[in-house]
Amino acid sequence: MTIKSTLTFLALLFIVVSCKTEPKKAETTSKMEEVMAVHDEVMPKMSTISKLVAQLKPMADSTETGKEYMSAMKDLQAAHKSMMDWMQGFGARFDSDEILNGKELTAEKKKWLLEEEKKVYQLREDINGSIARAQDLLSED
């Protein structure tokens with residue numbers, strides 16, 4: 001083989017190998033980024049939840065209206081706890097390189113990431129729903 005044909009062969013081999021391995025990593029990374037984007041969207045709402053709980057607490061009692069405040073407060077507290085539990089579970093499943101640097105995931109961890117994606121979307125729905133309900137209830141006053 002001549003040097004020119006060897007270099008051409010190596011360049012083609014490099015391109016083929018690069019094209020085969022890169023999409024999988026990008027796909028996994030983008031899924032991780034998507035999950036983390038949802039987390040980053042709802043995490044700042046934890047302070048909103050705390051403020052709303054504080055506003056609802058004095059109004060929660062055994063009266064019919066008080067029970068509505070109590071229920072809204074419990075929904076907020078449950079959403080907050082779900083966020084804390086989700087973060088703890090997520091952190092136990094994935095290391096910082098996988099979360100922050102796009103480190104390649106094992107097949108098992110790819111399955112876990114799909115599970116976590118479903119959980120984080122439900123979490124977002126629970127958080128946003130409990131906040132909206134509490135705000136609506138408080139705005140009626």
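## How two helices meet

In which hand of crossing does α2 pass α5? The crossing is left-handed. Before looking at the residues behind that answer, please keep in mind that this is a predicted model.

## A first look at the whole

Let's start with the overall plan. The protein has five helices and zero strands, and reading along the sequence gives the pattern α-α-α-α-α. The chain has 141 residues, of which 28% count as buried.

How do parts of the sequence come together? Take the contacts between residues at least 6 apart in sequence: 75% of them join residues at least 24 apart.

Helix α2 covers residues 45-56, twelve residues in total. From its first C-alpha to its last it reaches 16 Å, close to the 16 Å expected at 1.5 Å a residue. Its buried residues are M46, I49, L52, V53 and L56. These residues lie on the same side of α2, because they cover an arc of only 120° around the axis. Turn to the other side of the helix and you will find K51 and A54, which are exposed.

## Where α2 meets α5

Two packed helices are described by the angle between their axes and the distance between the axes. Here, the axes of α2 and α5 come within 10 Å and cross at roughly 35°. On the α2 side, the residues taking part are K45, M46, T48, I49, L52, Q55 and L56. Their partners in α5 are I127, N128, I131, A134, Q135, L137 and L138. Sorted by class, this contact has nine nonpolar, four polar and one charged residues.

Leaving aside neighbours within four places in sequence, I131 is in contact with K45, T48, I49, L52 and L76. I131 and K45 are 86 residues apart along the chain, yet their C-alpha atoms are separated by 8.6 Å.

## Along helix α5

Helix α5 spans residues 107-139. It has 33 residues and reaches 48 Å from its first C-alpha to its last, close to the 48 Å expected at 1.5 Å a residue. Its buried residues include K109, L113, V120, L123 and S130.

E116 lies in α5 and is buried, with a relative accessible area of 2%. Beyond its neighbours within four places in sequence, E116 is in contact with W86, F90, R93 and F94. E116 and W86 are 30 residues apart in sequence and 8.3 Å apart in space, C-alpha to C-alpha. E117, also placed in helix α5, counts as buried at 13% relative accessibility. Not counting residues up to four places away in sequence, E117 touches K31, E34 and V35.

Helix α3 runs over residues 64-93. Its 30 residues should span 44 Å at 1.5 Å a residue, and its end C-alpha atoms are 43 Å apart, which agrees. Among the buried residues of α3 are W86, F90 and R93, and these three are also contacts of E116. G66 and Y69 are buried in α3 as well.

Those last two lead us to A60, in the loop between α2 and α3. Is A60 buried or exposed? At 17% relative accessibility, A60 counts as buried. Apart from neighbours within four places in sequence, A60 is in contact with G66, Y69 and M70.

Our last stop is F94, in the loop between α3 and α4 (96-100). F94 counts as buried at 3% relative accessibility. Which residues does F94 contact, leaving aside its neighbours within four places in sequence? They are M32, I99, L105, K109, W112, L113 and E116. F94 and L105 are eleven residues apart along the chain, and their C-alpha atoms are separated by 8.9 Å.

Definitions and conventions: Residues numbered from 1 in each chain as written. Predicted model: local features only at pLDDT ≥ 70, side-chain atom pairs only at ≥ 80, totals over all residues. Heavy atoms only, no water. Helix = DSSP H or I, 4+ residues; strand = E, 2+ residues; numbered from the N terminus. Expected span 1.5 Å × (residues − 1). Buried < 20%, exposed > 50% of the residue type's maximum accessible area, 1.4 Å probe, protein only. Arc of directions from axis to C-beta. Axes fitted to C-alpha atoms, helices over the stretch in contact; angles between N-to-C directions. Left-handed = near helix turned anticlockwise from the far one by under 90°. Contact = heavy atoms within 4.5 Å. Nonpolar A, V, L, I, M, F, W, Y, C, P; charged D, E, K, R; others polar.
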